[in-house]
Amino acid sequence: QVELVESGGGSVQAGGSLRLSCAASGYTFNSGCMAWFRQAPGKEREGVAAICSGGSSTYYADSVKGRFTISQDNAKNRLDLQMNNLKPEDTAMYFCAAGRWSYLWARWTSASNYDYWGQGTQVTVSS
């Protein structure tokens with residue numbers, strides 16, 4: 001049984017930083033992708049960043065490139081998202097997701113391609 005548990009959310013001012021973590025149990029990082037998605041009220045869930053093929057490839061949404069960094073710690077079965085220079089538009093519930101499909105890297109932004117989801121952690125950025 002796969003379980004994903006997010007932590008690290010909170011409230012910060014614009015320009016600040018937060019580090020999100022996702023503890024994964026029952027899941028190996030060797031294939032497919034793990035990703036961070038976010039969903040703001042009234043908006044669709046959007047892909048923020050993904051790490052695929054055992055950590056050899058990373059992908060980012062244009063809106064977060066240069067500010068967010070996704071990483072994984074295979075020994076600790078943990079996925080992290082370092083978020084710097086946060087903006088009010090980054091305010092959302094952030095979700096950790098995992099998918100086993102080998103070609104997920106080509107469709108990483110599509111939430112329907114992921115098999116497992118965490119419960120989410122709230123990030124609020126004030127101006």
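Tutor: Let us start with a term: a disulfide is a pair of cysteine sulfur atoms within 2.5 Å. Keep in mind that this model is predicted.

Student: How many disulfides are there by this rule?

Tutor: The count comes to two.

Student: What makes C22 and C96 a disulfide?

Tutor: Their sulfur atoms are 2.1 Å apart, and a pair within 2.5 Å counts, so C22 and C96 form a disulfide. The torsion about their S-S bond is about -75 degrees, so this disulfide is left-handed. The bond links distant parts of the chain, with C22 in strand β3 and C96 in strand β9, 74 residues apart. Both C22 and C96 are buried.

Student: And why is the disulfide of C33 and C52 called right-handed?

Tutor: Here the torsion about the S-S bond is about 105 degrees, so the disulfide of C33 and C52 is right-handed. Distant parts of the chain are linked again: C33 is in strand β4 (residues 33-39) and C52 in strand β5 (residues 46-52), 19 residues apart. The sulfur atoms of C33 and C52 are 2.1 Å apart, and both residues are buried.

Student: What is the pairing if the bonded cysteines of the protein chain are numbered in sequence order?

Tutor: The pairing is 1-4, 2-3.

Student: Let us turn to the aromatic rings. How many aromatic pairs does the structure hold?

Tutor: There are six aromatic pairs. One of them joins F95 and W117.

Student: Why is the pair of F95 and W117 called edge-to-face?

Tutor: The ring centres of F95 and W117 lie 6.5 Å apart, and the planes stand at 80 degrees.

Student: How do you know whether Y114 and W117 are stacked, tilted or edge-to-face?

Tutor: Their planes are at 65 degrees, with the ring centres 6.0 Å apart. As 65 degrees is over 60, the pair of Y114 and W117 is edge-to-face.

Student: Which residues do ring pairs link into a cluster?

Tutor: The cluster is made of F37, F95, Y114 and W117.

Student: What makes R45 a charge over a ring?

Tutor: R45 lies over the face of F95, at 3.8 Å from the ring centre. The charged end of R45 also sits over the ring of W117, 4.8 Å from its centre. Both distances are within the 6 Å limit.

Student: Why do S21 and D80 count as a polar contact?

Tutor: Their side chains are joined at 2.7 Å, which is within the 3.5 Å limit. S21 is in strand β3 (residues 18-25), and its relative accessible area is 16%, so S21 is buried. Beyond its neighbours within four places in sequence, S21 is in contact with residues including W36, R78 and D80.

Student: Is Q72 buried or exposed?

Tutor: Q72 is at 18% relative accessibility, so Q72 counts as buried. Q72 is in strand β7 (residues 68-73), and a polar contact of 2.8 Å joins the side chains of Q72 and N74.

Terms used. Residues are numbered from 1 along each chain as its sequence is written. This is a predicted model: local features need pLDDT of at least 70, side-chain atom pairs count only at pLDDT 80 or more; totals for chains, interfaces and linings use all residues. Side-chain values use heavy atoms; hydrogens and water are left out. Rings of Phe, Tyr and Trp (its six-membered ring) pair if their centres lie within 6.5 Å; planes under 30 degrees apart count as stacked, over 60 as edge-to-face and the rest as tilted. A charge sits over a ring if NZ of Lys or CZ of Arg is within 6 Å of the ring centre and within 35 degrees of the ring normal. Helices (H or I, at least four residues) and strands (E, at least two) are DSSP runs, numbered from the N terminus. Buried means under 20% relative accessible area, exposed over 50%, partly exposed in between (1.4 Å probe, protein chains only). A polar contact is a pair of N or O atoms within 3.5 Å; within protein, one must be able to donate a hydrogen and the other to accept it, and residues adjacent in sequence count only if both atoms are side-chain atoms. Contact means heavy atoms within 4.5 Å.
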